[in-house]
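Thanks for coming. I will walk through one structure this morning, starting with the whole chain and then going to a few places in it.

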Amino acid sequence: MECAWYLCVCSLLYVWPAAAGHPCSIDSKGWADCSGKSLLHTPDSLPGNITSLDLSFNSLAMPRSGTFLIHFPSLRALNLSNNIIPMLYPAVFSNLWALHLLDLSSCNISHLHPEAFQGLRNMHTLLLKNNKLQILQLPAFLAFGALVHLDLQNNDLLSMDALVLQLMERTHQILLQGNPWVCNCSMYPFQQWLQQRQGVQVLCASPPELQGQAVKTLNFQDLGCRRKQWFPQAQPSLRRKLLATVQRNDTTTTAATTTSPAGKGGNSWPYLVGFLVSAIGISILIALAAKCKLFHKNFASYRHRPLPDTSSMGGSHAESGVAWGENQSMPSAAGLQLEDDDGFIEDNYIQPSERLQEED
């Protein structure tokens, strides 16, 4: 009877997580343990306010586009170790802005997209050990604001880029052991950087004559350099450009996750400049058109044809009218009104009979 009761209790404990909607266990501190559950996707029934999530030893499929764990914005620690994730695609963690620790150990990662860590501005610890990384690209690490611990042990790294090394000066602890470092002349900047770091042990894997030797103890002649090379100075313009690109992408991604219509708000300045240029151009055209119209109006107001001088003409008013009619037709009142649009009365418009009355 006791054995049957024990089996019944064990069965209930086994099936209770599935009956609750997910196979994970959650403690009072918000830590969700979903390790080793053969999961293909993250359970949707997990509470959205959890702060730590362990998804190690599963068979998770990472999305090629979009974000991963979109319903858990409060996560501070995420363990994805021992899942098969050959490549990290762009902005896959962009919604996890509060994340401090990310464990991607033993995930068979061979390539990091330059924007794989976009949005992780608060990341402190990144674990990438036991993968197949051969090269580290600078934009991928520009996404971090204050990275404290970086573990790159047991990858396939052959050398380190100088700009990546200078960016890693902000990182307090870096683990680089277990990589097949090729100690040639291109490693001299790395050797100089190692001399300035405490507690970073890196050994040569090739060529055979240098195998097993510490890189920081070598000189430029040991590395096959013809002359001594200095650590290259930082390129502020390139670094600022890359950093601005990452920050702009972070802002765009954050705006897209909060309000989707505002996703393109950062690119509106070209339209504003175009609108201002168009408005200024139209204003200039209107001013020119108004000025031309005023010029034509003034020119037309002074196109008057002077009347014949009656003082030099003989005969009466009727004779002058006859003489005028013989040569050309008498202008009409409408025509006179059109020509005299400047508002002034000219002397030649006064009739001869009125002038004789004034003299008398």
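Let me begin with contacts. If we take the contacts in the protein chain with a separation of 6 or more, residues 24 or more positions apart account for 55% of them. Please keep in mind throughout that this is a predicted model.

Now the rest of the overview. The protein chain has 360 residues, and 32% of them count as buried. It contains 9 helices and 12 strands.

First stop: helix H4, residues 188-195. Is this helix enclosed or open? Of its 8 residues, 7 are buried, so H4 is largely enclosed by the rest of the structure. The buried ones are Tyr 188, Pro 189, Phe 190, Gln 191, Gln 192, Trp 193 and Leu 194. What covers them? The cover includes helix H3 (162-167), strand E10 (173-175) and strand E11 (181-182).

Next, aromatic rings. The count of aromatic pairs comes to 5. One of them is Phe 117 with Phe 144, a tilted pair with 5.2 Å centre to centre and 35° between the planes. Phe 117 sits in the loop between E7 and strand E8 (125-127), while Phe 144 sits in the loop between helix H2 (138-142) and strand E9 (149-151), so this pair ties together parts that are 27 residues apart in sequence. Both of these residues, Phe 117 and Phe 144, are buried.

A second pair takes us back to H4. Tyr 188 and Phe 220 are arranged edge-to-face, at 6.5 Å centre to centre and with 80° between the planes. Tyr 188 belongs to H4 and Phe 220 to the loop between E12 and H5, so to speak two distant parts of the chain, 32 residues apart. Tyr 188 has a relative accessible area of 5%, which means it is buried. Phe 220 is at 18% relative accessibility and also counts as buried, since the cut-off is under 20%.

There is also a cluster: Phe 117, Phe 141 and Phe 144 form one aromatic cluster. Phe 141 turns up again at our next stop, where it is among the residues touched by Leu 150.

Leu 150 is in strand E9. Its relative accessible area is 0%, so it is buried. Which residues does Leu 150 touch, leaving out those up to four places away in sequence? They are Leu 126, Phe 141, Met 168, Thr 171, Gln 173, Ile 174 and Leu 175. One more distance for this residue: Leu 150 and Lys 129 are 21 residues apart in sequence, and their C-alpha atoms are 9.1 Å apart in space.

Now a charged residue. Asp 54 is part of strand E3, residues 52-54. Asp 54 is buried, yet it has no salt bridge. How far away is the nearest side chain of opposite charge? That side chain is Lys 37, and it is 10 Å away. The side chain of Asp 54 does make polar contacts: with the side chain of Ser 56 at 2.8 Å, and with the side chain of Asn 79 at 3.2 Å. Apart from neighbours within four places in sequence, Asp 54 is in contact with Trp 31, Ala 32, Asp 33, Cys 34, Ser 35 and Asn 79.

Last, some backbone geometry. Most residues other than glycine have a negative phi, and most peptide bonds are trans. Here are some exceptions. Phe 57 has a phi near 55°, a positive value, and is not a glycine. Phe 57 lies in the loop between E3 and strand E4 (77-79). Ser 106 is not a glycine either, and its phi is positive at about 55°. Ser 106 is in the loop between strand E6 (101-103) and strand E7 (111-112). With a relative accessible area of 27%, Ser 106 is partly exposed.

And where is the cis peptide bond I want to show you? It joins Ser 206 and Pro 207, with omega about 0°. Pro 207 is in the loop between strand E12 (204-206) and helix H5 (236-258), and Phe 220, from the second aromatic pair, is in the loop between E12 and H5 as well.

That is the end of the tour.

Notes:
Residues are numbered from 1 along each chain as its sequence is written. This is a predicted model: local features need pLDDT of at least 70, side-chain atom pairs count only at pLDDT 80 or more; totals for chains, interfaces and linings use all residues. Side-chain values use heavy atoms; hydrogens and water are left out. Helices (H or I, at least four residues) and strands (E, at least two) are DSSP runs, numbered from the N terminus. Buried means under 20% relative accessible area, exposed over 50%, partly exposed in between (1.4 Å probe, protein chains only). Lys and Arg count as positive and Asp and Glu as negative; His and the chain ends are not counted. A salt bridge is a side-chain nitrogen of Lys or Arg within 4 Å of a carboxyl oxygen of Asp or Glu. A polar contact is a pair of N or O atoms within 3.5 Å; within protein, one must be able to donate a hydrogen and the other to accept it, and residues adjacent in sequence count only if both atoms are side-chain atoms. Contact means heavy atoms within 4.5 Å. Rings of Phe, Tyr and Trp (its six-membered ring) pair if their centres lie within 6.5 Å; planes under 30 degrees apart count as stacked, over 60 as edge-to-face and the rest as tilted.
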